[in-house]
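Work through the following exercises with the sequence and the model open. Each task is followed by a solution in steps.

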Amino acid sequence: MKLITHNMLTSKCLKGVVTGYPLAINATDIKVKEVDFNPEFISRVIPKLDWEVLWVAADSIGHSDGLPRSLENKYDENEEFLKKAHKVLLEVEVEEGHLTCPESGRQFPISKGIPNMLLNEAEVQ
Amino acid sequence: MTERCLELLLLPEDSSCLLLDIGCGSGLSGTVLEENGHMWIGMDISSSMLDVAVERDTEGGLVLADMGEGVPFRAGCFDGAVSVSAIQWLFNADKKTHNPVKRLNKFFTTLYSSLSRSARAVFQFYPENEKQLELLTTQAMKAGFYGGVVIDYPNSAKAKKFFLVLMTGGVGPLPQALGTEEPDSLQVKYAKREATKGIRGKPIKNSKDWILEKKERRRKQGKITKPDTKYTGRKRSGRF
(Lines give C-alpha, C1' and ligand atoms only; values in the text may rest on other atoms or scores of the structure.)
Protein backbone atom coordinates (compact mmCIF):
# COMPACT_ATOMS: atom_id res chain seq x y z
CA MET A 1 0.00 0.00 0.00
CA LYS A 2 1.48 3.32 -1.05
CA LEU A 3 1.36 6.25 1.34
CA ILE A 4 -0.59 8.29 -1.20
CA THR A 5 -3.37 5.68 -0.93
CA HIS A 6 -3.12 5.76 2.85
CA ASN A 7 -3.46 9.55 2.79
CA MET A 8 -6.83 9.26 1.05
CA LEU A 9 -8.15 6.14 2.79
CA THR A 10 -10.75 6.37 5.56
CA SER A 11 -12.90 3.93 7.49
CA LYS A 12 -15.98 6.13 7.24
CA CYS A 13 -18.06 3.33 5.73
CA LEU A 14 -18.11 1.64 9.13
CA LYS A 15 -21.27 1.94 11.18
CA GLY A 16 -20.93 4.60 13.84
CA VAL A 17 -17.81 6.17 12.38
CA VAL A 18 -17.91 9.84 11.46
CA THR A 19 -14.62 10.60 9.66
CA GLY A 20 -12.48 7.52 10.25
CA TYR A 21 -9.32 9.41 9.35
CA PRO A 22 -6.39 9.11 9.61
CA LEU A 23 -5.88 5.38 9.90
CA ALA A 24 -2.94 4.33 12.03
CA ILE A 25 -0.37 2.16 10.26
CA ASN A 26 1.28 -0.87 11.83
CA ALA A 27 3.68 -2.26 9.27
CA THR A 28 5.48 -5.57 9.57
CA ASP A 29 6.94 -5.60 6.06
CA ILE A 30 7.88 -2.60 3.93
CA LYS A 31 9.33 -2.49 0.41
CA VAL A 32 10.66 0.31 -1.75
CA LYS A 33 9.84 0.02 -5.46
CA GLU A 34 11.09 2.37 -8.12
CA VAL A 35 8.48 4.53 -9.84
CA ASP A 36 9.04 7.10 -12.61
CA PHE A 37 9.40 10.57 -11.21
CA ASN A 38 6.79 13.05 -12.48
CA PRO A 39 7.43 16.43 -10.80
CA GLU A 40 4.29 17.98 -12.24
CA PHE A 41 2.08 15.33 -10.72
CA ILE A 42 3.81 15.58 -7.34
CA SER A 43 3.36 19.36 -7.17
CA ARG A 44 -0.28 19.01 -8.24
CA VAL A 45 -1.06 16.34 -5.71
CA ILE A 46 0.61 17.94 -2.67
CA PRO A 47 -2.23 20.47 -2.04
CA LYS A 48 -4.70 17.55 -1.93
CA LEU A 49 -2.76 15.71 0.72
CA ASP A 50 -3.02 16.09 4.43
CA TRP A 51 0.71 16.75 4.82
CA GLU A 52 0.75 16.25 8.59
CA VAL A 53 -0.90 12.86 8.19
CA LEU A 54 1.62 11.94 5.49
CA TRP A 55 4.55 12.90 7.69
CA VAL A 56 3.21 10.97 10.68
CA ALA A 57 2.51 7.94 8.49
CA ALA A 58 5.99 8.07 6.97
CA ASP A 59 7.47 8.48 10.42
CA SER A 60 5.54 5.51 11.81
CA ILE A 61 7.15 3.27 9.20
CA GLY A 62 10.56 4.86 9.57
CA HIS A 63 10.76 6.72 6.25
CA SER A 64 10.44 10.32 7.35
CA ASP A 65 14.13 11.34 7.29
CA GLY A 66 14.72 14.34 5.11
CA LEU A 67 11.00 14.99 4.82
CA PRO A 68 9.99 18.38 6.27
CA ARG A 69 7.18 18.25 8.79
CA SER A 70 5.49 21.30 7.29
CA LEU A 71 5.34 22.55 3.73
CA GLU A 72 7.47 25.51 2.77
CA ASN A 73 6.41 28.16 0.29
CA LYS A 74 7.39 27.46 -3.30
CA TYR A 75 7.86 23.75 -2.67
CA ASP A 76 7.08 23.17 -6.34
CA GLU A 77 10.37 24.75 -7.32
CA ASN A 78 12.45 22.70 -4.94
CA GLU A 79 13.32 19.55 -6.91
CA GLU A 80 15.11 17.91 -3.98
CA PHE A 81 11.95 18.19 -1.94
CA LEU A 82 9.74 16.93 -4.77
CA LYS A 83 11.98 13.89 -5.19
CA LYS A 84 11.71 13.10 -1.48
CA ALA A 85 7.94 13.56 -1.61
CA HIS A 86 7.79 11.28 -4.67
CA LYS A 87 9.70 8.57 -2.82
CA VAL A 88 7.50 8.74 0.26
CA LEU A 89 4.25 8.95 -1.68
CA LEU A 90 4.76 6.45 -4.49
CA GLU A 91 7.83 4.32 -3.87
CA VAL A 92 7.54 3.23 -0.25
CA GLU A 93 5.01 0.41 0.02
CA VAL A 94 3.63 -1.31 3.10
CA GLU A 95 3.45 -4.99 2.11
CA GLU A 96 2.14 -6.52 5.33
CA GLY A 97 0.62 -5.04 8.43
CA HIS A 98 -2.66 -3.48 9.40
CA LEU A 99 -4.50 -0.17 9.55
CA THR A 100 -6.46 0.90 12.64
CA CYS A 101 -9.55 3.08 12.64
CA PRO A 102 -9.07 5.99 15.08
CA GLU A 103 -12.71 5.99 16.17
CA SER A 104 -13.67 2.35 16.45
CA GLY A 105 -10.32 0.62 16.78
CA ARG A 106 -11.30 -1.81 14.02
CA GLN A 107 -8.27 -3.20 12.24
CA PHE A 108 -7.97 -3.57 8.48
CA PRO A 109 -5.30 -6.09 7.45
CA ILE A 110 -2.80 -5.31 4.69
CA SER A 111 -1.72 -8.34 2.74
CA LYS A 112 0.56 -8.42 -0.34
CA GLY A 113 0.47 -4.65 -0.35
CA ILE A 114 -3.32 -4.42 -0.57
CA PRO A 115 -5.38 -3.11 2.36
CA ASN A 116 -8.54 -5.11 2.96
CA MET A 117 -11.40 -2.68 3.61
CA LEU A 118 -14.17 -5.26 3.23
CA LEU A 119 -16.75 -5.01 6.01
CA ASN A 120 -18.91 -7.73 7.45
CA GLU A 121 -22.71 -7.40 7.53
CA ALA A 122 -22.88 -6.02 11.05
CA GLU A 123 -20.49 -3.19 10.22
CA VAL A 124 -22.26 -1.75 7.19
CA GLN A 125 -24.19 1.46 7.92
CA MET B 1 -13.26 1.61 -23.47
CA THR B 2 -11.03 3.21 -20.86
CA GLU B 3 -9.80 5.68 -23.49
CA ARG B 4 -13.39 6.62 -24.22
CA CYS B 5 -14.04 7.03 -20.48
CA LEU B 6 -11.06 9.37 -20.29
CA GLU B 7 -12.40 11.32 -23.25
CA LEU B 8 -15.75 11.73 -21.55
CA LEU B 9 -14.09 12.79 -18.30
CA LEU B 10 -12.98 16.05 -19.88
CA LEU B 11 -9.95 16.43 -17.66
CA PRO B 12 -7.89 19.61 -18.13
CA GLU B 13 -5.51 19.10 -21.03
CA ASP B 14 -2.01 17.86 -20.39
CA SER B 15 -2.37 17.66 -16.66
CA SER B 16 -1.73 14.77 -14.37
CA CYS B 17 -4.77 13.95 -12.26
CA LEU B 18 -5.61 11.65 -9.36
CA LEU B 19 -8.35 9.32 -10.54
CA LEU B 20 -10.42 6.61 -8.88
CA ASP B 21 -10.86 3.36 -10.81
CA ILE B 22 -13.94 1.59 -9.52
CA GLY B 23 -13.89 -2.15 -10.08
CA CYS B 24 -10.31 -1.93 -11.32
CA GLY B 25 -9.87 -5.71 -11.43
CA SER B 26 -6.51 -6.72 -12.84
CA GLY B 27 -5.57 -3.13 -13.58
CA LEU B 28 -6.18 -3.18 -17.33
CA SER B 29 -8.03 0.13 -17.25
CA GLY B 30 -5.54 1.47 -14.72
CA THR B 31 -2.68 0.87 -17.14
CA VAL B 32 -4.46 3.01 -19.73
CA LEU B 33 -4.85 5.77 -17.13
CA GLU B 34 -1.13 5.53 -16.37
CA GLU B 35 -0.26 5.73 -20.06
CA ASN B 36 -2.18 8.99 -20.19
CA GLY B 37 -0.05 10.39 -17.40
CA HIS B 38 -2.51 10.09 -14.53
CA MET B 39 -2.15 8.58 -11.08
CA TRP B 40 -4.94 6.30 -10.00
CA ILE B 41 -6.23 4.43 -7.00
CA GLY B 42 -8.32 1.39 -7.75
CA MET B 43 -10.81 -0.57 -5.71
CA ASP B 44 -12.16 -4.04 -6.40
CA ILE B 45 -14.00 -6.69 -4.42
CA SER B 46 -11.94 -9.59 -5.78
CA SER B 47 -8.59 -10.21 -4.11
CA SER B 48 -7.56 -12.63 -6.87
CA MET B 49 -8.05 -9.96 -9.52
CA LEU B 50 -6.06 -7.48 -7.45
CA ASP B 51 -3.28 -10.06 -7.09
CA VAL B 52 -3.06 -10.16 -10.89
CA ALA B 53 -2.80 -6.37 -10.88
CA VAL B 54 0.10 -6.60 -8.42
CA GLU B 55 1.81 -9.15 -10.65
CA ARG B 56 1.37 -6.89 -13.65
CA ASP B 57 3.28 -4.25 -11.70
CA THR B 58 0.70 -1.52 -12.06
CA GLU B 59 1.65 1.84 -10.59
CA GLY B 60 -1.72 2.61 -9.13
CA GLY B 61 -2.76 2.21 -5.52
CA LEU B 62 -4.97 -0.84 -4.93
CA VAL B 63 -7.64 -1.32 -2.29
CA LEU B 64 -9.74 -4.44 -1.60
CA ALA B 65 -13.22 -2.99 -1.02
CA ASP B 66 -16.88 -3.48 -1.90
CA MET B 67 -18.27 -0.42 -3.70
CA GLY B 68 -21.76 -1.17 -2.39
CA GLU B 69 -20.47 -0.58 1.14
CA GLY B 70 -19.30 2.86 0.15
CA VAL B 71 -16.25 4.52 -1.36
CA PRO B 72 -13.85 4.73 1.61
CA PHE B 73 -11.95 7.86 0.70
CA ARG B 74 -11.58 11.39 2.03
CA ALA B 75 -13.85 14.16 0.81
CA GLY B 76 -12.82 15.89 -2.41
CA CYS B 77 -9.68 13.90 -3.12
CA PHE B 78 -10.26 12.69 -6.68
CA ASP B 79 -10.20 14.74 -9.88
CA GLY B 80 -12.33 12.13 -11.58
CA ALA B 81 -13.58 8.57 -11.44
CA VAL B 82 -13.78 5.86 -14.09
CA SER B 83 -15.30 2.45 -14.09
CA VAL B 84 -15.20 -0.11 -16.87
CA SER B 85 -17.78 -2.84 -16.78
CA ALA B 86 -18.23 -2.89 -13.02
CA ILE B 87 -21.28 -1.08 -11.69
CA GLN B 88 -23.76 -3.58 -13.14
CA TRP B 89 -22.64 -5.86 -10.28
CA LEU B 90 -24.43 -3.55 -7.87
CA PHE B 91 -27.76 -4.77 -9.24
CA ASN B 92 -27.10 -8.30 -8.06
CA ALA B 93 -27.92 -9.20 -4.50
CA ASP B 94 -25.06 -11.58 -3.80
CA LYS B 95 -25.99 -12.02 -0.17
CA LYS B 96 -29.35 -12.21 1.55
CA THR B 97 -28.57 -9.00 3.40
CA HIS B 98 -27.81 -7.06 0.23
CA ASN B 99 -30.37 -4.50 -0.84
CA PRO B 100 -29.34 -3.28 -4.32
CA VAL B 101 -31.13 0.06 -4.02
CA LYS B 102 -29.45 0.83 -0.69
CA ARG B 103 -26.09 -0.26 -2.05
CA LEU B 104 -26.46 1.91 -5.14
CA ASN B 105 -27.42 4.82 -2.92
CA LYS B 106 -24.47 4.24 -0.58
CA PHE B 107 -22.13 4.00 -3.53
CA PHE B 108 -23.26 7.19 -5.24
CA THR B 109 -23.42 9.33 -2.10
CA THR B 110 -19.95 8.33 -0.93
CA LEU B 111 -18.58 8.71 -4.48
CA TYR B 112 -20.04 12.20 -4.69
CA SER B 113 -18.27 13.25 -1.53
CA SER B 114 -14.94 11.77 -2.58
CA LEU B 115 -14.88 13.77 -5.82
CA SER B 116 -13.50 17.29 -5.95
CA ARG B 117 -15.60 20.22 -7.15
CA SER B 118 -16.51 20.00 -10.87
CA ALA B 119 -15.02 16.52 -11.14
CA ARG B 120 -16.77 13.94 -13.29
CA ALA B 121 -17.39 10.23 -13.04
CA VAL B 122 -17.73 8.06 -16.13
CA PHE B 123 -18.97 4.48 -15.94
CA GLN B 124 -18.99 2.07 -18.84
CA PHE B 125 -21.48 -0.66 -18.00
CA TYR B 126 -23.91 -3.22 -19.38
CA PRO B 127 -27.50 -2.60 -18.27
CA GLU B 128 -29.85 -5.57 -18.52
CA ASN B 129 -32.96 -3.51 -19.14
CA GLU B 130 -34.60 -0.08 -19.00
CA LYS B 131 -35.46 -0.54 -15.34
CA GLN B 132 -31.81 -0.86 -14.40
CA LEU B 133 -30.95 2.29 -16.34
CA GLU B 134 -33.70 4.17 -14.56
CA LEU B 135 -32.72 2.90 -11.13
CA LEU B 136 -29.12 3.88 -11.78
CA THR B 137 -29.92 7.41 -12.91
CA THR B 138 -32.41 7.97 -10.05
CA GLN B 139 -29.94 6.91 -7.39
CA ALA B 140 -27.15 8.97 -8.95
CA MET B 141 -29.40 12.01 -9.02
CA LYS B 142 -30.46 11.50 -5.41
CA ALA B 143 -26.81 11.62 -4.47
CA GLY B 144 -26.49 15.04 -6.04
CA PHE B 145 -25.05 14.26 -9.46
CA TYR B 146 -26.17 15.75 -12.75
CA GLY B 147 -25.59 14.07 -16.08
CA GLY B 148 -26.97 11.20 -18.05
CA VAL B 149 -26.28 8.17 -20.17
CA VAL B 150 -24.32 8.44 -23.41
CA ILE B 151 -24.88 5.55 -25.79
CA ASP B 152 -22.16 4.99 -28.37
CA TYR B 153 -23.19 3.31 -31.63
CA PRO B 154 -26.80 2.90 -30.49
CA ASN B 155 -27.83 1.19 -33.71
CA SER B 156 -25.29 -1.59 -33.61
CA ALA B 157 -25.96 -4.61 -31.44
CA LYS B 158 -22.27 -5.46 -31.17
CA ALA B 159 -20.69 -2.05 -30.79
CA LYS B 160 -23.34 -0.47 -28.57
CA LYS B 161 -21.81 0.79 -25.34
CA PHE B 162 -23.45 2.56 -22.42
CA PHE B 163 -21.58 5.26 -20.52
CA LEU B 164 -23.07 6.84 -17.44
CA VAL B 165 -21.55 10.33 -17.26
CA LEU B 166 -22.00 12.09 -13.94
CA MET B 167 -21.04 15.66 -13.16
CA THR B 168 -20.74 17.30 -9.80
CA GLY B 169 -20.47 20.87 -10.95
CA GLY B 170 -23.95 21.55 -12.17
CA VAL B 171 -25.98 21.22 -15.34
CA GLY B 172 -23.95 20.96 -18.51
CA PRO B 173 -24.44 19.50 -21.97
CA LEU B 174 -23.80 15.78 -22.31
CA PRO B 175 -20.95 14.88 -24.67
CA GLN B 176 -21.96 13.61 -28.09
CA ALA B 177 -22.21 9.86 -28.48
CA LEU B 178 -20.10 8.11 -31.10
CA GLY B 179 -21.84 6.75 -34.16
CA THR B 180 -24.67 9.24 -34.09
CA GLU B 181 -25.33 12.30 -36.21
CA GLU B 182 -28.15 13.97 -34.31
CA PRO B 183 -26.97 15.19 -30.90
CA ASP B 184 -30.18 14.24 -29.13
CA SER B 185 -30.77 10.72 -30.30
CA LEU B 186 -31.39 8.08 -27.63
CA GLN B 187 -29.67 9.91 -24.79
CA VAL B 188 -31.18 9.74 -21.37
CA LYS B 189 -30.78 13.23 -19.92
CA TYR B 190 -31.80 14.66 -16.63
CA ALA B 191 -31.16 18.19 -15.53
CA LYS B 192 -33.86 19.50 -13.24
CA ARG B 193 -34.21 17.56 -10.02
CA GLU B 194 -37.56 19.10 -9.09
CA ALA B 195 -39.25 17.80 -12.23
CA THR B 196 -38.59 14.23 -11.25
CA LYS B 197 -40.06 14.37 -7.76
CA GLY B 198 -42.99 12.40 -9.15
CA ILE B 199 -40.73 9.39 -9.72
CA ARG B 200 -40.64 8.90 -5.95
CA GLY B 201 -44.13 7.44 -6.21
CA LYS B 202 -46.02 10.39 -4.76
CA PRO B 203 -47.80 12.97 -6.88
CA ILE B 204 -46.38 16.49 -6.78
CA LYS B 205 -48.01 18.55 -4.03
CA ASN B 206 -51.10 20.58 -4.99
CA SER B 207 -51.48 18.90 -8.35
CA LYS B 208 -54.87 17.47 -9.33
CA ASP B 209 -53.68 13.92 -8.57
CA TRP B 210 -52.54 14.99 -5.15
CA ILE B 211 -55.90 16.65 -4.42
CA LEU B 212 -57.82 13.55 -5.48
CA GLU B 213 -55.58 11.32 -3.35
CA LYS B 214 -56.00 13.60 -0.36
CA LYS B 215 -59.78 13.57 -0.70
CA GLU B 216 -59.72 9.74 -0.86
CA ARG B 217 -57.67 9.66 2.31
CA ARG B 218 -60.19 11.92 4.07
CA ARG B 219 -63.08 9.73 2.99
CA LYS B 220 -61.30 6.67 4.37
CA GLN B 221 -60.80 8.53 7.63
CA GLY B 222 -64.51 9.15 7.70
CA LYS B 223 -64.32 12.92 7.34
CA ILE B 224 -66.96 14.80 5.42
CA THR B 225 -65.59 15.40 1.91
CA LYS B 226 -67.24 17.03 -1.07
CA PRO B 227 -67.77 14.61 -3.96
CA ASP B 228 -65.24 14.67 -6.82
CA THR B 229 -66.58 16.46 -9.87
CA LYS B 230 -65.18 17.68 -13.14
CA TYR B 231 -64.27 20.88 -11.27
CA THR B 232 -62.07 19.17 -8.69
CA GLY B 233 -58.55 20.49 -8.92
CA ARG B 234 -59.30 22.37 -12.14
CA LYS B 235 -56.83 24.95 -13.35
CA ARG B 236 -57.87 28.33 -12.05
CA SER B 237 -57.10 31.58 -13.81
CA GLY B 238 -54.87 34.18 -12.18
CA ARG B 239 -57.83 36.01 -10.67
CA PHE B 240 -58.29 33.26 -8.02
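**Exercise 1. The interface**

How many residues of chain A are in contact with how many residues of chain B? Contact means heavy atoms within 4.5 Å.

Before the solution, the conventions. This is a predicted model in which local features need pLDDT of at least 70 and side-chain atom pairs count only at pLDDT 80 or more, while totals for chains, interfaces and linings use all residues. Residues are numbered from 1 along each chain as its sequence is written, chains are lettered from A and ligands numbered from 1 in the order in which they are written, and side-chain values use heavy atoms, with hydrogens and water left out.

Solution.
- Step 1: 31 residues of chain A are in contact with 35 residues of chain B.
- Step 2: The area buried between the two chains is about 2800 Å², and carbon and sulfur atoms give 58% of it. Buried area is the accessible area (1.4 Å probe) that two parts lose on being put together, summed over both.
- Step 3: Of the area that chain A buries against chain B, 21% comes from Met8(A), Lys48(A) and Ile114(A), more than from any other three residues.
- Step 4: The rule finds 15 residue pairs in polar contact across the interface, both residues being at pLDDT 80 or more. A polar contact is a pair of N or O atoms within 3.5 Å; within protein, one must be able to donate a hydrogen and the other to accept it, and residues adjacent in sequence count only if both atoms are side-chain atoms.
- Step 5: On the side of chain A that touches chain B, H1, H2 and strand E4 (114-115) of chain A each supply at least two residues. Helices (H or I, at least four residues) and strands (E, at least two) are DSSP runs, numbered from the N terminus.
- Step 6: By class, this side of chain A has 16 nonpolar, six polar and nine charged residues. Ala, Val, Leu, Ile, Met, Phe, Trp, Tyr, Cys and Pro count as nonpolar, Asp, Glu, Lys and Arg as charged, and the others, Gly among them, as polar.

**Exercise 2. Salt bridges between the chains**

Find how many salt bridges cross the interface of chain A and chain B. A salt bridge is a side-chain nitrogen of Lys or Arg within 4 Å of a carboxyl oxygen of Asp or Glu.

Solution.
- Step 1: The rule finds three across this interface.
- Step 2: One of them joins Lys48(A) to Asp79(B), with the closest N and O atoms 2.5 Å apart. Lys48(A) lies in the loop between helix H2 (39-45) and helix H3 (51-60) of chain A, and Asp79(B) lies in strand E4 (residues 78-84) of chain B.
- Step 3: Lys48(A) and Asp79(B) are both buried. Buried means under 20% relative accessible area, exposed over 50%, partly exposed in between (1.4 Å probe, protein chains only).
- Step 4: Lys112(A) and Asp51(B) also meet through their side chains in a salt bridge, at 3.1 Å from N to O.

**Exercise 3. Salt bridges within a chain**

Which residue forms a salt bridge with Glu93(A), and which with Glu95(A)?

Solution.
- Step 1: The partner of Glu93(A) is Lys2(A), the closest N and O atoms being 3.3 Å apart. This pair links distant parts of the chain, 91 residues apart: Glu93(A) is in strand E2 (residues 92-100), and Lys2(A) is in the segment before helix H1 (3-8) of chain A.
- Step 2: Glu93(A) is buried at a relative accessible area of 9%, and Lys2(A) is buried at 3%.
- Step 3: The partner of Glu95(A) is Lys31(A), at 3.7 Å between the closest N and O atoms. Glu95(A) is in strand E2 and Lys31(A) in strand E1 (residues 24-32) of chain A, 64 residues apart.
- Step 4: Glu95(A) is buried, with a relative accessible area of 10%, whereas Lys31(A) is partly exposed at 40%.
- Step 5: In chain B, Lys215(B), Glu216(B), Arg219(B) and Asp228(B) are linked in a network of salt bridges.

**Exercise 4. The sheet of chain A**

Why is one side of E1 and of E4 of chain A left without a neighbour in the sheet?

Solution.
- Step 1: Four strands of chain A form an open sheet in the order E1-E2-E3-E4, with antiparallel pairing. Two strands pair if DSSP finds at least two bridges between them.
- Step 2: E1 and E4 of chain A stand at the edges with a single partner strand each, so one side of each has no neighbour in the sheet.
- Step 3: Strand E3 (residues 107-111) of chain A pairs with E4(A) in the antiparallel sense over two bridges. Ser111(A) has Ile114(A) as its bridge partner in E4(A).

**Exercise 5. A buried glutamate**

Is Glu69(B) buried or exposed?

Solution.
- Step 1: Glu69(B) is in the loop between strand E3 (61-64) and E4 of chain B.
- Step 2: Glu69(B) is buried, with a relative accessible area of 7%.
- Step 3: Leaving aside neighbours within four places in sequence, the residues in contact with Glu69(B) include Cys13(A), Met117(A), Arg103(B) and Lys106(B).
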